[in-house]
Amino acid sequence: MKKRSNYLKGKLPIYMRVTVDGKRVEIATKRECEPAKWNSSAGRVSGNKEEVRSTNSYLDVLQSKVYELHRKLIASEITITAELFKNKLVNNDEQKKMILEIFEKHNRDMACLVGSEYSKVTLVRYKTSLEHTRNFIKWKYNLSDLSIQSLDYDFIAQYEFWLKSQK
């Protein structure tokens, strides 16, 4: 639990602390608890009420996520830092990547290579492909962009059909 400097009484936010090589980060669990009900040795709320069981269950799931993430990071053989751990846990490092955003970055990168590795015509074709993709997303989903997670076989098949039938 974390007491605010102006704390008088009432519930306090529950934080999770992760320490890696002596560096620590605190992560908000988005749950609160009365200080008198907090069991610091167990890291859980004491009691039998439904709210207590729900909070403890949530903390158990969160703890499982921490252990699973730790296992994945070890398996990936990348250097684990407290900040990396926090970012992976709260998904800040993988903020929703968007299809058109990635496509636009690709086109900017290609523009830098025009003349040395690519011709101007190739860049024009990439830009045309971007506009087709933008128009398809607007037509099919009525959105300005889509998460990269939406890119699946169904998306590709429908996009191909749209290109053949509309363009």
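Author: A nonpolar core is a set of buried Ala, Val, Leu, Ile, Met, Phe, Trp, Tyr and Cys residues joined through side-chain atoms within 4.5 Å. The model discussed here is predicted.

Reader: Which residues have the most contacts inside the largest nonpolar core?

Author: The largest nonpolar core has 13 residues. At least two residues of this core come from each of β1 (12-20), β2 (23-33), α1 (50-76) and α2 (82-90). Those with the most contacts inside the core are Met16, Val18, Phe85 and Leu89.

Reader: Which element supplies the largest share of this core?

Author: The core draws at least two residues from each of β1, β2, α1 and α2. The largest share is 4 residues, and the element that supplies it is α1.

Reader: Which residues does Val18 touch, not counting those up to four places away in sequence?

Author: Val18 is one of the residues with the most contacts inside the largest core. With residues up to four places away left out, Val18 touches Lys23, Arg24, Val25, Ile27, Ala82 and Phe85.

Reader: How many residues are in the second, separate core?

Author: This core includes Leu130, Phe136, Ile137 and Tyr159. Its number of residues is 10.

Reader: Is Val20 buried or exposed?

Author: Val20 lies in strand β1. Buried means under 20% relative accessible area. The relative accessible area of Val20 is 16%, so Val20 is buried.

Reader: How far apart in space are Val20 and Ile80, C-alpha to C-alpha?

Author: Leaving aside neighbours within four places in sequence, Val20 is in contact with Ile80, Thr81 and Ala82. Val20 and Ile80 are 60 residues apart in sequence, and their C-alpha to C-alpha distance in space is 7.5 Å.

Reader: Are α1 and α2 oblique or roughly parallel to each other?

Author: The two helices pack with their axes 11 Å apart, at an angle of about 120 degrees. Angles under 35 degrees count as roughly parallel, over 145 as roughly antiparallel and 65 to 115 as roughly perpendicular, with the rest oblique. Therefore α1 and α2 are oblique.

Reader: How many charged residues does the contact of α1 with α2 have?

Author: Lys65, Val66, Leu69, His70 and Leu73 of α1 make the contact with Leu84, Phe85, Lys88 and Leu89 of α2. By class, this contact has 6 nonpolar residues and 1 polar residue, and the number of charged residues is 2.

Reader: At what angle do α4 and α5 cross?

Author: Helix α4 covers residues 120-141 and helix α5 residues 153-166. Their axes come within 11 Å. The helices are roughly perpendicular to each other, and their axes cross at roughly 105 degrees.

Technical notes: Residues numbered from 1 in each chain as written. Predicted model: local features only at pLDDT ≥ 70, side-chain atom pairs only at ≥ 80, totals over all residues. Heavy atoms only, no water. Buried < 20%, exposed > 50% of the residue type's maximum accessible area, 1.4 Å probe, protein only. Contact = heavy atoms within 4.5 Å. Axes fitted to C-alpha atoms, helices over the stretch in contact; angles between N-to-C directions. Nonpolar A, V, L, I, M, F, W, Y, C, P; charged D, E, K, R; others polar.
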